[in-house]
Amino acid sequence: MKLKKIRNAESRLPLKFKVWIYFVIFTLVVFLLLWVCQILFLENFYERMKVRNTTANAEYLESTYTSLRDQEFYDRVTEIAQKNDMCIEIMDRHSRSIYSEEVLGDCLIHGRENKTFVYVQEITKAENHIYRDMIKNPRSGYDMLIYGCPLGDPERPDGYLLINSALVPVGSTVDIIKQQLMLITIFLIIAAFFISMYLSAHLSAPIDRITKSAEQLAKGNFDTKFDGRGYLEAKKLADTLTYAEKELSRVDTMQRDLIANVSHDLRTPLTMLKAYAEMIRDLSGDNPVKRNEHLEIIINETDRLALLVNDILDLSKLESGKQKLEPSEFGIRSKLSEIIDRFAGISEKKGYSIEFTPDEERTVRCDVVKIEQVIYNLINNAVNYTGDDKKVFVRQINRPDGILIEIEDTGQGIEEDKIKLIFDKYYRSENHKREVVGTGLGLSIVKAVLKLHDYDYGVRSTIGKGSTFWFRISDVVEKTKDE
């Protein structure tokens, strides 16, 4: 519970303050590590490095030893002694000094044969014949490192190597470093404070700008500009919100159009229902011919209302995911013929010609009711928008990847920039010369049904020649026996 409260408290902190806090904490941690390493562990670190350096130089001289009379070897000894502030003594097998280099003013091995003899004895007794010891200089009080090893064969050595290196106390050095660190720490903490304030403000500025713009978008202002300058993540966020703004604007426009169209489509039949009901009541109640005529109009308008309501309900169920598929097997050619036969009445009455080009029968497995609705809506759409010749072409094309269904009209076609809108709710092309019959939701229902089946669909259109709507049924069950 406490952890949850802490997280809730953190979530209420602004980004600018969080960045500043993190930067200050990072700076303090860096200085803490610096103080610990340079002050508390400096002496131990210095001693370990001095021992390691002395050991490395001794091992180098031991490995490069060739002869006690090799002048190049002695030159190398002198160079190492002067470079590393060491006293180096080279002795023969009888512990007699044959070469020495004194750099320290108070060496424990130079000119002290009684001492060197003791060290040689310690070398012969030591494990691996390597002698290493820390001795306090009685005069200076400094700790002195003594390192000794044989030269040549450890069992029958040609001579011995002794190195004396002073471990200079670092107390005074630590005091100097401490004062420097104190000044540097004070200066850099002040600098870090102002730098972190600047960086936190700079990093949070794009988020603040985008947040203010998002608040305007939330209030319904779809002309908001999102400024993502600053860094890549802010630009990506701004681009995403700009895309969301365009989609919300489109949805808002479609919603307004939907309400306007539904209101219009409902108002007209309701007005006519009321008007003709009043006419029956006041004028034609006793006239059977007029009464039947008025009742027929009322029935037709009621059918229009029922069709509109049913289309709205169907589309709402499809888009909400509540409408489930009920697949069944059926022959697609016979189903196409059956649906086209339903248009025989309108074809004879209004002079339309629906030409069907079938392919061989194929058995498919899908929701027959919804696919019927798709085919019916596409044919009805073609009838509404076909040209003056009133011709509609329906084609079944069997392919290896499924059954392609095409419905073509000979109308004025659809502009390229309008094709992507043709399946939206209540979108109607202006390229027609007669009253459009339907609710304006037919193609939206087609889109929802085909997406639910996961079928490909689309439209091809050429201005002045017409449009071809198509979809592909991929769930082909089997071939017929005739094949």
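Two residues are in contact when their heavy atoms lie within 4.5 Å. The exercises below use this rule and a few others.

This is a predicted model, where local features need pLDDT of at least 70, side-chain atom pairs count only at pLDDT 80 or more, and totals for chains, interfaces and linings use all residues. Residues are numbered from 1 along each chain as its sequence is written, and side-chain values use heavy atoms, with hydrogens and water left out.

**Exercise 1. Gln396 and its surroundings**

Task: Find which residues Gln396 is in contact with, leaving aside neighbours within four places in sequence.

Solution: 
- Step 1. Locate the residue. Gln396 sits in strand 9, residues 391–399. Strands (E, at least two residues) and helices (H or I, at least four) are DSSP runs, numbered from the N terminus.
- Step 2. List the contacts. They are Ile332, Arg333, Leu336, Phe356, Thr357, Pro358, Asp359, Glu360, Ile403, Leu404 and Ile405.
- Step 3. Check the accessibility. Buried means under 20% relative accessible area, exposed means over 50%, and partly exposed lies in between (1.4 Å probe, protein chains only). Gln396 has 3% relative accessibility, so it counts as buried.
- Step 4. Look for polar contacts. Such a contact is a pair of N or O atoms within 3.5 Å; within protein, one must be able to donate a hydrogen and the other to accept it, and residues adjacent in sequence count only if both atoms are side-chain atoms. The Gln396 side chain reaches the backbone oxygen of Glu360 at 3.0 Å. A polar contact of 3.0 Å also joins the side chains of Gln396 and Asn398.

**Exercise 2. Salt bridges**

Task: Work out why the pair Arg460 and Glu406 ties together parts that are 54 residues apart in sequence.

Solution: 
- Step 1. Recall the idea. Side chains of opposite charge can pair when their charged atoms come close. A salt bridge is a side-chain nitrogen of Lys or Arg within 4 Å of a carboxyl oxygen of Asp or Glu. The structure holds 15 salt bridges.
- Step 2. Take the pair. The side chains of Arg460 and Glu406 meet in a salt bridge (3.2 Å, N to O).
- Step 3. Arg460 lies in strand 11 (residues 457–462) and Glu406 in strand 10 (residues 402–409), so the pair links parts that are 54 residues apart in sequence.
- Step 4. Compare accessibility. Arg460 is partly exposed at 43%, whereas Glu406 is buried at 7%.
- Step 5. Glu338 and Lys335 form a salt bridge of 3.3 Å, N to O. They are three residues apart in helix 9 (residues 332–342), so about one helical turn separates them. Glu338 is partly exposed at 35%, and Lys335 is buried at 11%.
- Step 6. Finish with Asp417 and Lys418. Their side chains meet in a salt bridge of 3.4 Å, N to O. Asp417 is partly exposed at 47%, and Lys418 is partly exposed at 27%.
- Step 7. Look for a network. Salt bridges that share partners join Lys335, Glu338, Arg342 and Glu372 into one network.

**Exercise 3. Cysteines**

Solution: 
- Step 1. Cys149 is buried, with a relative accessible area of 0%. Cys366 is buried too, at 1%.

**Exercise 4. The whole chain**

Task: Describe the chain by its helices, strands and buried residues.

Solution: 
- Step 1. Count the elements. The chain has 13 helices and 13 strands.
- Step 2. Read the buried share. Buried residues make up 37% of the 483 residues.
- Step 3. Check the contacts. Among those between residues at least 6 apart in sequence, 64% join residues at least 24 apart.
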